[in-house]
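Here are my notes for a colleague opening this entry for the first time. Please keep the structure in view while reading them.

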Amino acid sequence: QVQLVESGGGLVQPGGSLRLSCTASGFTFSSYAMSWYRQAPGKERELVAPITGAGDTTTYADSMKGRFTISRDNAKNTVYLQMNNLKPEDTAVYYCYARGYVLFKKYEYWGQGTQVTVSS
């Protein structure tokens, strides 16, 4: 059974930091690209940061550049999102997403989400 379990969300003051974790099971984690998405109330879900199975990352969105860092530990089947200098507009539910291919068929999985609230 595939599971993606996020943790680390919570309430933080502006300027604070949080580290989100997503632990996967039920599939070959190192073969899957992982991403973090977020969805704020009344808004569409947006990509926060992707990372390949090998740990390569691409450019972050301008609003997150320099503040957010995605990483992964394949030995622990876990992907992380370090968020620094948080702003109220970062308030959202953060989701972990996995995408991989087995025999040319795409498999996608979502976590249940973890709430991040940035407020004083």
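1. **Overall size.** The radius of gyration is taken over C-alpha atoms, and the globule rule is 2.2 Å times the number of residues to the power 0.38. With 120 residues, a compact globule would have a radius near 14 Å; the protein chain has 14 Å, which agrees. Along its principal axes, the C-alpha trace spans about 50 × 25 × 25 Å.

2. **Ground rules.** This is a predicted model: local features need pLDDT of at least 70, side-chain atom pairs count only at pLDDT 80 or more, and totals for chains, interfaces and linings use all residues. Residues are numbered from 1 along each chain as its sequence is written, and side-chain values use heavy atoms, with hydrogens and water left out.

3. **Secondary structure.** The protein chain has zero helices and ten strands. Both are DSSP runs, numbered from the N terminus: helices are H or I with at least four residues, strands are E with at least two. Along the sequence the pattern reads β-β-β-β-β-β-β-β-β-β.

4. **Surface and contacts.** The protein chain exposes about 6,600 Å², and carbon and sulfur atoms supply 48% of it. Accessible areas come from the Shrake-Rupley method with a 1.4 Å probe; for residues, only the protein chains shown count as cover. Buried residues make up 40% of the 120 residues. Here buried means under 20% relative accessible area, exposed over 50%, and partly exposed in between (1.4 Å probe, protein chains only). A contact means heavy atoms within 4.5 Å. Among contacts between residues at least 6 apart in sequence, 54% join residues at least 24 apart.

5. **The core.** A nonpolar core is a set of buried Ala, Val, Leu, Ile, Met, Phe, Trp, Tyr and Cys residues joined through side-chain atoms within 4.5 Å. The largest one has 30 residues; Leu-4, Met-34, Trp-36, Val-79, Leu-81, Met-83 and Tyr-94 have the most contacts inside it. At least two residues of this core come from each of strand 3, strand 4 (33-39), strand 5 (46-51), strand 6 (68-73), strand 7, strand 8 and strand 10 (114-118). Leaving aside neighbours within four places in sequence, Met-34 is in contact with residues including Leu-4, Cys-22, Ile-70, Val-79 and Cys-96.

6. **The disulfide.** How many disulfides does the structure hold? The structure holds one. A disulfide is a pair of cysteine sulfur atoms within 2.5 Å. This one joins Cys-22 to Cys-96, S to S 2.1 Å. The pair links distant parts of the chain: Cys-22 sits in strand 3 (residues 18-25) and Cys-96 in strand 8 (residues 92-102), 74 residues apart. With -80° about the S-S bond, the link of Cys-22 and Cys-96 is left-handed. Cys-22 is buried at 0% relative accessible area. Cys-96 is buried, also at 0%.

7. **Thr-78.** Thr-78 lies in strand 7 (residues 78-83). Thr-78 is buried, with a relative accessible area of 6%. A polar atom of the Thr-78 side chain lies 2.8 Å from the backbone oxygen of Lys-76. Not counting residues up to four places away in sequence, Thr-78 touches Ser-21, Cys-22, Thr-23, Phe-29, Arg-72 and Asp-73.

8. **Positive phi.** Asn-85 has a positive phi of about 50° although it is not a glycine. Asn-85 is in the loop between strand 7 and strand 8, and counts as partly exposed at 42% relative accessibility. Phe-104, another residue other than glycine, has a positive phi near 70°. Phe-104 is in the loop between strand 8 and strand 9 (105-110). Phe-104 is exposed, with a relative accessible area of 83%.

Definitions and conventions. Polar contact = N/O pair within 3.5 Å; in protein donor to acceptor, adjacent residues only side chain to side chain.
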